Amino acid sequence: MRTGIFGGTFSPIHNGHIKAAKAFLSELSLDVLYVIPDRIPPHKQISGNDDPWLRLEMVKKAFEDEEKIVVTDVELRREGKSYTVETLPEFTGNGELFMLIGTDMFLSFDRWYRFRDIFAMCSLVLMVRESRESSLRAEIDAKKAIYESMGAKIYELTAEPFPISSTELRAKIAAGEDTGEYLPECVRRFIDEKGLYR
Ligand code: ATP
């Protein structure tokens, strides 16, 4: 059994996340992919009012037609910061574990809480967020070599990047700009109904 893990704040979930999740499923031939919204992200500050349960609902809507994708509240049920190293043991009975992360998180992975323990529990799967010609390439390769020397197993998706962030989308929504290119219709409707990011 091959199990994927994809954690994040998803505030909001966008087509960059969705494209990465689907590429992860198919390129790694996963049997199941668990998408895990965090309660409190350890690596950044959430701006404004945040209701993690609303984010969970939004992420569920985005993936409701995907049979192999399971959106779980495992981190929302835990108090305090959502450390990945404390989440992974929930999945250790699920065969081989692979964790998807984007470039930003990959480059700063060595600042994650107990990151060496994470290397021992799962393989990392990198999805680049910028174009391949990016000036970050050298930095990515250097980090890869360092992490591998510490025992990490690292794969990289070949799918073309879809460069967008939740931060940019929150700004677009607040400014009343069109977000059709970046958000699935069901997510846009949910954000509208709940009055999020205004
Ligand atoms: P923010 O702008 O609020 O920091 P974000 O867009 O980076 O949010 P997160 O929820 O923090 O979204 O991201 C969760 C995971 O998805 C991280 O590993 C991140 O690197 C990855 N990710 C986010 N956007 C993309 C994208 N466009 N392409 C590939 N991976 C992405």
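## Ligand site and pockets

The lining of the second largest pocket divides into 5 nonpolar, 5 polar and 4 charged residues. Here charged means Asp, Glu, Lys and Arg, nonpolar means Ala, Val, Leu, Ile, Met, Phe, Trp, Tyr, Cys and Pro, and polar means the others, Gly among them. The model is predicted, with local features needing pLDDT of at least 70 and side-chain atom pairs pLDDT 80 or more, while totals for chains, interfaces and linings use all residues. Residues are numbered from 1 along each chain, and side-chain values use heavy atoms, without hydrogens and water.

**Second largest pocket**
- This pocket holds about 230 Å³ of space.
- Its lining has 14 residues, with S11, N49, D50, L196 and Y197 closest to the centre.

**Largest pocket**
- The largest pocket contains about 790 Å³.
- Of its 41 lining residues, G7, G8, T9, K44 and M105 lie nearest the centre.
- That lining comprises 18 nonpolar, 17 polar and 6 charged residues.

**Ligand surroundings**
- Among the 21 residues around the ligand (a heavy atom within 4 Å), the nearest are K44, D104, F162, S166 and T167.
- The shell around the ligand consists of 7 nonpolar, 10 polar and 4 charged residues.

**Atom pairs with the ligand**
- A backbone N or O atom of F10 is 2.9 Å from a ligand oxygen atom.
- R129 places a polar side-chain atom 2.9 Å from an oxygen atom of the ligand.
- A polar backbone atom of I164 lies 3.0 Å from a ligand nitrogen atom.
- The protein covers 93% of the 600 Å² of accessible area (Shrake-Rupley, 1.4 Å probe) that the ligand has on its own.

Conventions: Polar contact = N/O pair within 3.5 Å; in protein donor to acceptor, adjacent residues only side chain to side chain. 1 Å grid on protein atoms, 1.4 Å probe; cavity = no way out; pocket = protein on both sides within 12 Å on 5 of 7 lines; lining within 4 Å. Points joined across faces, edges and corners; volume = space filled by probe spheres on them.
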